[in-house]
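Student: Before I rely on any label attached to a structure, I would like to know how it was assigned. Could we go through some of them one by one?

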Amino acid sequence: MESPTGMTPTAQPLISPAVQSNSGSRHLRLLGTLSGFTAGAWLGAAEAPTKLVSIGISPVAISLIMVIGVFLARWSLPALILGTSSVRADVRRAPHLIIWAVLAGCLWAVANTLTIFAIRDVGLSIAFPLWNSNSLLGIVWGFLFFNELRQAGWRRWAGVLGGALVMCVGATLLAIASSTQAPAGHSLRGVWAALGAGVLWGTMYIPYRKAYLTGMNPLSFVTFFTFGELGMMSVLAIGYNGLSPLWQELLVARGVIFWLTLGGFVWVIGDLFQQYAAKYLGISRGIPLSNSNQLWGLLWGIFVFGELHNRSSSAYLQVVGGSLLMMLGVGAVAFSSVSGGEQARWKEAAQREGRRYGVAADYVEARMEGRQAVGESAPSRGILDWLLVAAATAIFIFFATMARVPQMSIHWGPAALLTAALLALLVLCGVALWRTTRFN
Amino acid sequence: MESAENAKANSSRLSSVLTDTHFWVPVAVLLAGLLLLRTMS
């Protein structure tokens, strides 16, 4: 088995283990940072299809269709990348995480539905930064529950707290701008929906951190997470619409099902990178980084959908200024790197979780370092994995045959440029993850 | 015998989750989110 530094077990190290460990740890932090930015790009792009809310489909139905795409992606991508045997092995080692994953999926589904209401009431470029306040909550939970930012030193604290403060100012600016842009009587509701989504998503990172501190592979976690998503979303959709009206609505929406499920698929790719960012940077840093999706969402909203067209210049300035402030805050948080003392506190939290849930210490340590545990078999793909991939592909092709291009103004030039940037980041980060961790 | 041990282990894991204070934070937030959603529609 190859070591994380690329040496075989029989090779003689040229540098001390401590230096290797520091270097490997730094490498993983850089990988986490790259994963966070790639997540931002893909999560931002995934929100674009929700613009279809303007064509008259109910928010709950849109959310349900997106979650169906998410469900397909969350099973087919892990099967393609590592194989379901790896998922089964992870679950045998930490079965309690199934409950956490399902709970996180439920939180995601409710938050996602709220974002659709928010977009409808205040628009994508306003709602996006508001629900991205989830990173602030991620910092709080990371500190309170998982020893993040403990023994971090005053500079890192200043970076995180200063960044959080700047983000709050940016969010306030955007909320003020929203009151002039949304229909009267709906702007406040939209702001509440966006902030509510932020709280739900911010809290969803508690299960994420639980899972990664005890060594679960992100690819395994999301396969169970998605049962919570689809289950909760189905309950919401049937509860709000009723089964028969929901079915009628899905039939009416069949022309856009492909685009919405594609949005869900794109979201999953972003979310996978976000999971790796949370794993290697912690939630207090990984989540703000992936919340750079706000900037990508703004780019899609303005250049592809012409969202701020014909708005007053002051509203334009408020949105752009607020977003830039939030990005500045995100940057300050992101560059408050993890110190050795803080990392030791992370390990304490990991050991605490391991003891509580009976997960082997060597497994937890190996996975924190992005390698396989001793005696762990290499992941492999079997016939079941290929069947899952084939079935998901067939379903997407089926939806594509029913698809029609929505009758709305879309600027294809910027859309092509943004798509090319997404693919470049996917390849860059995917290769880096594979070479360093083999997606462990 | 083995199934009895499995059942005991499963029960112990469930108990570990339910007695973990961290668990009840997302549960409470989820319930609040559902209430908020109810007011939206």
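The dialogue below takes labels for this predicted model and sets each against its cut-off.

Student: How do you know which parts of chain A to read with care?

Tutor: By pLDDT, the predictor's confidence on a scale from 0 to 100. Chain A has a mean pLDDT of 80, with 87% of its residues at 70 or more. Over residues 1-20 of chain A, however, pLDDT stays under 50, and the model has twelve contacts beyond four places in sequence for that stretch. Where pLDDT is low, the predicted coordinates should not be read in detail.

Student: What secondary structure do the two chains have?

Tutor: Chain A has 18 helices and zero strands. Chain B has two helices and zero strands.

Student: What share of each chain counts as buried?

Tutor: In chain A, 56% of the 440 residues are buried. In chain B, 15% of the 41 residues are.

Student: Why is L422(A) called partly exposed?

Tutor: L422(A) has 19 other C-beta atoms within 10 Å. Buried needs 20 or more and exposed needs 12 or fewer, so a count in between is called partly exposed. L422(A) belongs to helix α18 (residues 412-437) of chain A. Beyond four places in sequence, its contacts are A41(A), W42(A) and A45(A).

Student: Why are N147(A) and L149(A) called buried?

Tutor: The cut-off is 20 or more other C-beta atoms within 10 Å. N147(A) has 22, so N147(A) is buried. L149(A) has 23, so L149(A) is buried as well. N147(A) lies in the loop between α6 (134-146) and α7 (154-181) of chain A, and L149(A) lies in the loop between α6 and α7 too.

Student: What makes the phi values of N147(A) and L149(A) worth a remark?

Tutor: Most residues other than glycine have a negative phi. N147(A) is not a glycine, yet its phi is positive, about 65°. For L149(A), also a residue other than glycine, phi is positive and near 70°.

Student: Why are α3(A) and α9(A) called roughly perpendicular?

Tutor: Two packed helices are described by the angle between their axes and the distance between the axes. The axes of α3 (residues 84-93) and α9 (residues 218-241) of chain A come within 9 Å and cross at roughly 85°. Angles of 65 to 115 degrees count as roughly perpendicular, and α3(A) and α9(A) therefore get that label. S86(A), V87(A), D90(A) and V91(A) of α3(A) make the contact with L219(A), S220(A) and T223(A) of α9(A). By class, these residues are three nonpolar, three polar and one charged.

Student: Which residues touch the most other members of the largest nonpolar core?

Tutor: They are L107(A), V110(A), A118(A) and A194(A), in a core of 140 residues. Helix α11 (residues 254-281) of chain A gives the most to this core, 18 residues. V110(A) touches residues of both chains beyond four places in sequence, among them L200(A), M232(A), L30(B) and L34(B).

Student: What makes up the side of chain A that touches chain B?

Tutor: In the interface, 26 residues of chain A are in contact with 16 residues of chain B. The elements of chain A that give two or more residues to that side are α4 (97-122), α8 (187-213) and α15 (340-357). The largest share, eleven residues, comes from α8(A). That side of chain A has 19 nonpolar, four polar and three charged residues.

Terms used:
Residues numbered from 1 in each chain as written. Chains lettered and ligands numbered in written order. Predicted model: local features only at pLDDT ≥ 70, side-chain atom pairs only at ≥ 80, totals over all residues. Helix = DSSP H or I, 4+ residues; strand = E, 2+ residues; numbered from the N terminus. Contact = placed C-beta atoms within 7 Å. Core = buried A, V, L, I, M, F, W, Y, C linked by C-beta atoms within 7 Å. Nonpolar A, V, L, I, M, F, W, Y, C, P; charged D, E, K, R; others polar. Axes fitted to C-alpha atoms, helices over the stretch in contact; angles between N-to-C directions. Parallel < 35°, antiparallel > 145°, perpendicular 65-115°, else oblique.
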